[in-house]
Number of protein chains: 2
Amino acid sequence: MSIANPSTSDDLGSSAQRERRKRILDATYELAKSGGFDAVQMRAVAEHADVALGTLYRYFPSKIHLLVSALGRQFDDAAKRLHEREIPGDNQADRVLYVLKRMARGMQGDPKLTEALTRAFMFADSSVANEIHVVGMAMTSIVTHAMHGGEPAEDALTDEDVAIARVIGDVWLSALVAWVTGRSTAAETAAHMEKAVHLILRD
Amino acid sequence: MSIANPSTSDDLGSSAQRERRKRILDATYELAKSGGFDAVQMRAVAEHADVALGTLYRYFPSKIHLLVSALGRQFDDAAKRLHEREIPGDNQADRVLYVLKRMARGMQGDPKLTEALTRAFMFADSSVANEIHVVGMAMTSIVTHAMHGGEPAEDALTDEDVAIARVIGDVWLSALVAWVTGRSTAAETAAHMEKAVHLILRD
DNA sequence: ATACGTGGTGGAACGTGTTCCAAATTATGC
DNA sequence: GCATAATTTGGAACACGTTCCACCACGTAT
């Protein structure tokens with residue numbers, strides 16, 4: 001078995017294999033985007049990516065792994081993009097809210113995709129720990145980066161900072177689930193996040 | 001269709017129907033307790049509750065409805081039990097933590113059950129809104145009750161109180177998911193909750 | 001008492017995630 | 001180039017959630 005840990009994107013595999021892996025994630029992305037969680041059917045993904053079903057399962061041992069990996073790729077991209085710029089805002093709360101709203105806007109632009117990825121994330125069990133960890137890291141990194149104003153002084157991260165970022169991430173995740181599952185509107189979600197961030201980050 | 005809204009426990013149905021409903025929820029509970037989410041198989045629930053599969057689906061239109069209803073029943077019970085007593089602790093944070101730890105202990109005693117109910121809750125979509133609402137209400141009520149020290153002055157609930165309780169509930173849910181899915185240990189979860197509550201409730 | 005209608009029963013059937021396997025293809029060491 | 005191992009393929013098969021249907025049981029109005 002040569003494909004051991006597909007969660008870290010850089011390592012492993014011949015170029016043909018990296019190609020296949022990318023095709024699979026792209027197909028997942030497309031299907032999720034147009035039809036949400038239910039539309040990401042393993043047979044459809046395989047067909048779309050032009051691999052056999054067995055191969056798909058060799059690369060991603062379950063639908064959940066597949067979707068969470070796709071989510072990880074997306075979060076990584078988002079984190080990378082955000083790290084390139086300074087975050088506007090005069091205090092931590094404003095900057096964090098700026099970033100969260102930015103991400104929320106992106107997600108609301110692709111509700112089906114967001115639904116698929118969020119559901120998968122919430123449903124994942126410990127066998128998906130690696131992939132989940134990637135997502136959690138990206139999330140925390142995004143929030144702490146915003147807290148610090150986008151300055152590259154990332155080394156100044158205290159435990160306190162990380163704890164705060166994790167709490168905000170938790171609230172964000174819950175709010176996301178509520179929105180994704182149709183239990184609250186985008187506006188309610190935004191208001192709730194605003195309240196929460198001000199509660200947690202009282203500069 | 002006479003069984004319209006089984007989420008509010010009091011209404012509807014002949015005694016034979018209430019009986020059936022209870023048997024179904026009990027069977028769900030037992031199966032979840034011993035085998036978790038995967039063990040709650042609709043055929044097994046039906047057999048255990050001694051009803052036909054079709055009948056089960058008439059009472060609960062999906063596995064998710066079923067599990068979330070079971071969760072609602074459990075939260076209601078927990079809320080009722082907690083409302084009967086005074087909550088020890090000198091400030092809001094202590095009291096809330098007391099309650100959360102109490103609930104956590106209960107849940108850790110039945111990890112499989114907790115896993116089943118939490119997964120279902122996270123996976124529920126808008127068609128389960130009623131049942132979800134019951135759970136959310138119970139959760140908020142538990143936290144606000146703790147904040148106010150168990151005094152029956154529940155009328156003094158401000159919007160602020162409710163918002164705070166909802167944020168705490170969010171963090172709790174995220175922490176619960178992390179624990180249930182094996183991404184964090186019970187101790188980590190407890191520490192995280194402690195941190196979060198102190199962050200949010202600085203008396 | 002009888003007929004009617006609502007709800008329950010038993011079981012077949014379908015869709016989709018997942019597993020498995022033999023054959024075909026590709027990669028690797030000599 | 002060839003032998004051998006590893007990977008991919010195509011497709012069958014299985015499990016479980018869900019749907020459907022023909023039939024039965026029981027309470028109620030006439």
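Reader: What covers the buried residues of helix 9 of chain B?

Author: This is a predicted model, in which local features need pLDDT of at least 70 and side-chain atom pairs count only at pLDDT 80 or more, while totals for chains, interfaces and linings use all residues. Residues are numbered from 1 along each chain as written, chains are lettered from A and ligands numbered from 1 in the order written, and side-chain values use heavy atoms, without hydrogens and water. Helices are DSSP runs of H or I with at least four residues, numbered from the N terminus, and contact means heavy atoms within 4.5 Å. The cover of the buried residues of helix 9 of chain B includes helix 5 (92-109) and helix 8 (159-180) of chain B, together with helix 8 and helix 9 (186-200) of chain A.

Reader: Which residues of helix 9 of chain B are buried, and what arc do they cover?

Author: Buried means under 20% relative accessible area, exposed over 50% and partly exposed in between, with a 1.4 Å probe and protein chains only. In helix 9 of chain B the buried residues are B:T189, B:H192, B:M193, B:A196, B:V197, B:L199 and B:I200. They lie on the same side of helix 9 of chain B, because the arc around the axis, taken from the directions from the helix axis to the C-beta atoms, is only 155°.

Reader: How many residues of helix 8 of chain A are buried?

Author: Helix 8 of chain A (residues 159-180) has 22 residues and reaches 31 Å from its first C-alpha to its last. Helix 8 of chain A is largely enclosed by the rest of the structure, because the number of its 22 residues that are buried is 18.

Reader: Which helix gives the most to the surface near DNA strand D?

Author: A residue is near a strand if one of its heavy atoms lies within 4 Å of it; 19 residues surround DNA strand D, the closest being A:R20, A:T55, A:Y59, B:R43 and B:K63. Sugar and phosphate account for 59% of the atoms of DNA strand D that come within 4 Å of the protein. With three residues, the helix that gives the most to this surface is helix 3 of chain A.

Reader: How far is a phosphate oxygen of DNA strand D from an N or O atom in the side chain of A:Y59?

Author: A polar contact is a pair of N or O atoms within 3.5 Å. For B:Q41, a side-chain N or O atom is 2.9 Å from a phosphate oxygen of DNA strand D. For the side chain of A:Y59, the corresponding value is 2.8 Å.

Notes: Helix = DSSP H or I, 4+ residues; strand = E, 2+ residues; numbered from the N terminus. Expected span 1.5 Å × (residues − 1). Polar contact = N/O pair within 3.5 Å; in protein donor to acceptor, adjacent residues only side chain to side chain.
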